[in-house]
Amino acid sequence: MDNTPPELLPCADKMAFDTKSEAQTEANVLRWRRGTKLKVYKCRYCGLWHLSTHSTGSGSP
Ligand SMILES: [Zn+2]
């Protein structure tokens, strides 16, 4: 059972974007569709761009 995938990144299940503008566009869409404020950041694992929910308050994930 050593079938380890080559891409074992902590962000494997996240949406990834090639450019910041793409991520920012998606963030804007989700913002007015769901009212969710998202933060765009460049991932240090895969080098792509992700969206992060900016949650304030309790530290529960
Ligand atoms: Zn990533």
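The following legends describe close-up views of a predicted model of a protein chain.

Residues are numbered from 1 along each chain as its sequence is written. Because the model is predicted, local features need pLDDT of at least 70 and side-chain atom pairs count only at pLDDT 80 or more, while totals for chains, interfaces and linings use all residues.

**View 1. The protein chain as a whole follows the pattern α-β-β along its sequence.**
The protein chain holds one helix and two strands; helices (H or I, at least four residues) and strands (E, at least two) are DSSP runs, numbered from the N terminus. Of its 61 residues, 5% count as buried. A residue is buried if 20 or more other C-beta atoms lie within 10 Å of its own, exposed if 12 or fewer, and partly exposed in between, with C-beta atoms placed from the backbone. Among contacts with a separation of 6 or more, 48% join residues 24 or more positions apart; two residues are in contact if their C-beta atoms, placed from the backbone, lie within 7 Å.

**View 2. Helix α1 comprises residues 20-34.**
From its first C-alpha to its last, this helix of 15 residues reaches 21 Å, close to the 21 Å expected at 1.5 Å a residue. The expected span of a helix is 1.5 Å times one less than its number of residues. Helix α1 is hardly covered, the count of buried residues being one. Gly35 follows α1 and has a positive phi, near 80°.

**View 3. Lys20 of helix α1 is in contact with Val40 and Trp49.**
These contacts leave aside the neighbours of Lys20 within four places in sequence. Lys20 and Trp49 are 29 residues apart along the chain, and their C-alpha atoms are separated by 6.2 Å. Lys20 counts as exposed because 12 other C-beta atoms lie within 10 Å.

**View 4. Strands β1 and β2 pair in the antiparallel sense.**
Strand β1 spans residues 38-42 and strand β2 spans residues 49-53, with five bridges between them. Two strands pair if DSSP finds at least two bridges between them. Lys39 has Ser52 in β2 as its bridge partner, and the bridge partner of Lys42 in β2 is Trp49.

**View 5. Gly47 belongs to the hairpin of β1 and β2.**
Six residues lie between the strands of this hairpin. Gly47 takes a positive phi near 80°.
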